Every structure is written in C-alpha cells, then in structure tokens.
Amino acid sequence: MPDQVRHDELGLFIKPSNLTFPPIYKIFLAFGIKIIYIFGEKFPLKEVEMKALVAYYSDTGNTEKLARSIYEGIEQAEKEILHIKEVKDVEDSDIIFCGFPVQAHSVPGKVEGFIKSIPEGKKLAFFATHGSLRGGQLAIQAFYYATSLRSKGTVLGTFGCRGKVKSSIIDALMKKAEHRSWAIEAQGARGHPNESDFEDAKEWAKEMIAKARAS
Ligand SMILES: Cc1cc2nc3c(=O)[nH]c(=O)nc-3n(C[C@H](O)[C@H](O)[C@H](O)COP(=O)(O)O)c2cc1C
C-alpha cells in the first residue's frame with residue numbers, strides 16, 4: 001500500500017542513528033575558511049598603488065594650467081607634477097602624462113627629446129593645448145607625431161583643448177597672407193583653457209588611470 005511506505009525508505013527521513021561525524025579534514029577546512037574570512041574583513045588587501053607622473057612643457061602657461069587640472073583629476077594613485085626640465089627619472093612611474101603646446105603643427109623639440117628618452121614599454125598619455133580648433137586636423141597631426149615616437153600600444157590616449165595664442169604671434173601671422181586664415185582661427189582660442197576644458201581634462205585623467213590599471 002503506497003501510504004504505508006515510510007519516509008526513511010524514500011530517503012526523506014534520516015534517523016539520528018544514521019548521522020555520521022564529518023571527517024577531520026572537513027572540520028579543518030571549515031575553520032581555515034572562517035579564519036581567512038575574518039582576516040580578510042579585518043585587514044583588507046590594499047590595491048597596489050599606481051604611480052603617475054604629469055610632465056609638461058609650457059611657454060605661456062596654458063599647458064601648465066591644463067597639467068594642473070589633470071594632476072587634480074588623478075585619483076587612487078601616487079602622483080607628481082613636474083616641468084619636463086625638472087624630470088630626472090621616470091623609472092618609478094607607471095603612467096606618464098606628457099603635455100605640450102602644439103607648435104608648427106607638431107611637438108616642440110624639447111618635448112620630442114623628452115618623449116624619446118622615456119624607456120620603452122612605459123604607459124603614456126599625451127595632452128596638448130593649441131590655438132586651432134579642438135579636434136581639428138592641426139592638433140591631431142601633432143598627436144599622431146607624438147604617438148609615432150613610441151612603440152605600439154603604449155600610448156593610452158590623447159587629450160587636446162584650445163589655448164590662447166600670444167597676441168604677438170597672431171599680429172605677425174595676420175600680416176602674412178598665407179597665414180591669415182590660421183591667425184583668424186587662432187583668435188578664437190581666447191579665454192582657453194577654461195573651466196569646461198579643465199573639467200574635461202580631469203575626466204580624461206581618470207579614464208587614463210583606469211585604462212592603465214586594466215592594461
Ligand atoms: C611659436 C608658436 C607656434 C605655434 N604653432 C601652433 C600650431 O601649429 N597649431 C596650433 O594649433 N597652435 C599653435 N600655437 C599656439 C599654441 O599651441 C597655443 O597658444 C598653446 O596654448 C600655448 O601653450 P603654452 O601657453 O603652454 O605655451 C603656436 C604658438 C607658438 C608660440
């Protein structure tokens with residue numbers, strides 16, 4: 001009769017006499033896990049500190065201002081900011097933010113020398129200020145050149161924004177027909193870098209740090 005079948009015969013009911021003590025290794029294992037758990041909570045493992053260097057070159061102060069906001073934007077990393085002429089050693093740095101003003105559609109000579117002196121394999125992020133339009137061909141050309149000085153895959157990203165051009169330069173270029181259109185474009189850089197540029201730069205810096213951690 002089906003209703004006479006006992007629960008234990010179906011495997012649903014365990015009689016106390018059937019209970020066996022777990023083997024000793026299981027007890028040790030359980031204790032071990034518990035101890036690791038308690039220690040883990042009390043002494044959480046610190047994320048390995050990343051070292052970031054912001055190295056810049058600046059003639060009239062625009063790139064220096066941008067460098068300072070990039071420095072501010074770097075979080076959860078040991079950080080240092082230096083003019084490139086003050087940089088002695090980059091060996092300790094995990095990521096180097098290298099900034100320059102675009103000059104003659106390219107990288108100023110002193111910065112080129114600095115970029116070339118950085119040991120291969122170091123992670124780099126380039127930033128620049130320029131008189132021409134943001135995202136324009138002239139600025140992009142300079143970033144291409146800077147990136148071409150490094151081995152493949154070590155440049156994590158680039159950031160550019162406009163920077164006020166010295167009035168003496170604009171005046172001189174205005175007098176030359178072949179440069180007039182660029183001089184007019186460069187006038188539009190007045191007031192830059194501004195607060196909005198600084199905010200964008202801070203966000204970019206955070207993105208680069210995250211990228212450096214992931215790579
Ligand atoms: C000699 C010289 C050449 C420049 N050439 C360019 C250029 O080719 N393209 C450009 O977009 N801006 C050019 N600029 C404008 C600067 O890149 C811009 O003003 C920059 O923000 C200056 O940065 P700094 O104040 O850090 O020196 C030039 C400026 C100077 C003084």
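What covers the buried residues of α4? The cover includes α3 (109–117), β4 and β5. The model is predicted. In it, 5 strands form an open sheet with parallel pairing, and helix α7 (residues 195–214) packs on that sheet.

**The sheet**

- The strands run in the order β2-β1-β3-β4-β5.
- The edges are taken by β2 (78–83) and β5 (155–162), each of which has a single partner strand, so one side of each is left without a neighbour in the sheet.
- From one strand to the next, the twist averages 15°.
- Within the sheet, β3 (residues 95–101) and β4 (residues 123–130) are joined in the parallel sense over 7 bridges.
- In this part of the sheet, I95 stands opposite K123 in β4.

**Helix α7 on the sheet**

- The strands touched by α7 are β1 (51–56), β3, β4 and β5.
- The direction of α7 makes about 180° with that of β5.

**Helix α4**

- Helix α4 spans residues 137–148, which is 12 residues.
- From its first C-alpha to its last, α4 reaches 16 Å, close to the 16 Å expected at 1.5 Å a residue.
- Four residue names mark the buried positions in α4: A139, A142, F143 and A146.
- The face turned away from the buried side carries Q137, Y144 and S148, which are exposed.
- Strands β4 and β5 are among the elements that cover the buried residues of α4, and both strands are also touched by α7.

Key
Residues are numbered from 1 along each chain as its sequence is written. This is a predicted model: local features need pLDDT of at least 70, side-chain atom pairs count only at pLDDT 80 or more; totals for chains, interfaces and linings use all residues. Two strands pair if DSSP finds at least two bridges between them. Helices (H or I, at least four residues) and strands (E, at least two) are DSSP runs, numbered from the N terminus. Axes are lines fitted to C-alpha atoms, for helices over the stretch in contact, and angles run from 0 to 180 degrees between N-to-C directions. Two residues are in contact if their C-beta atoms, placed from the backbone, lie within 7 Å. The expected span of a helix is 1.5 Å times one less than its number of residues. A residue is buried if 20 or more other C-beta atoms lie within 10 Å of its own, exposed if 12 or fewer, and partly exposed in between; C-beta atoms are placed from the backbone.
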